[in-house]
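Here is a short briefing on fold, surface and aromatic contacts. Start by looking at the sequence and the structure.

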Amino acid sequence: MATKKQIFSPAHSSARGTLTPWLGIAAIVILADQLSKIVITKLFVHGEEMVLTSFFNLVLAYNRGAAFSFLSNQGGWQRYLFTAIGIAAVGFIIHLLRRHAGQRLFCWALALIMGGAIGNVIDRLLYGHVIDFLDFHLAGWGHFPAFNVADSAITLGAIMFIVDELRRVNKH
C-alpha cells in the first residue's frame, strides 16, 4: 500500500496551519489602507472636510502621535518611537502566528492587527505622520478622533482577540 509523501515540514503541517493565509489577510489590510489614503490625499487638502451624514464626515488629518494623537505635539522623536513599536509588534505577531497558525480566530485577530500596524508604519516612514480621514461625531458628544482603515483593522483585531480569549476561558 502506497503512502503519500509529506510535502511540507512539520512546522507547516495542517495540524499547525500555515502563515500564508494570515499574511494574506494582513496584505489585504495594508493594500486597502494605503489605497484609501492615496485617494483621500488626492481628493482633499489637509484639514478639508466633507460632510456625508449627520454623524460622519471625511476629513484629511495628519496624526504625528499615536492613538488619540498621544504625543503628537512633541518635537518629532515620537515618529521613530512609534515606528519602532510598530515594527517590534509585527515581529512579535509573526512569532505568535507561527506558534498558533491553526487557531483561526486568534490568527484572524493578529493578522488584522499586523496589517493595521504595518499600514501606519508605512505612513510614518514615508510622511512622518499617519494619514487619518474617517470622522465620526454625535451631537452633544463632539467628534471622535479621526482614524483610518489601519486603525479600524487594529480595533477589529483587538475585539476579535478579546472574543477569542473569552471563548478560551469559558471552555475551561
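Is Trp108 buried, partly exposed or exposed? Trp108 is partly exposed, at a relative accessible area of 33% (buried is under 20%, exposed over 50%, partly exposed in between; 1.4 Å probe, protein chains only). This is a predicted model: local features need pLDDT of at least 70, side-chain atom pairs count only at pLDDT 80 or more, and totals for chains, interfaces and linings use all residues. Residues are numbered from 1 along each chain as its sequence is written, and side-chain values use heavy atoms, with hydrogens and water left out.

**Fold**
- The protein has four helices and four strands (DSSP runs numbered from the N terminus: helices H or I, at least four residues; strands E, at least two).
- Their order along the sequence is α-β-β-α-α-β-β-α.
- Of the 172 residues, 36% are buried.

**Aromatic pairs**
- There are six aromatic pairs (Phe, Tyr or six-membered Trp rings with centres within 6.5 Å; stacked under 30 degrees between planes, edge-to-face over 60, tilted for the rest).
- Trp22 and Trp108 are edge-to-face, because their centres are 6.4 Å apart and their planes at 70 degrees.
- Trp22 sits in helix α1 (residues 20–43) and Trp108 in helix α3 (residues 104–127), so the pair ties together parts 86 residues apart in sequence.
- Trp22 is buried, at 5%.
- Phe56 and Phe136 form a tilted pair, with 4.7 Å between centres and 40 degrees between planes.
- Phe56 belongs to strand β2 (residues 56–63) and Phe136 to strand β3 (residues 130–138), 80 residues apart.
- Phe56 is buried at 14% relative accessibility, while Phe136 is partly exposed at 34%.
- One aromatic cluster comprises Phe55, Phe56, Phe136, Phe144 and Phe147.
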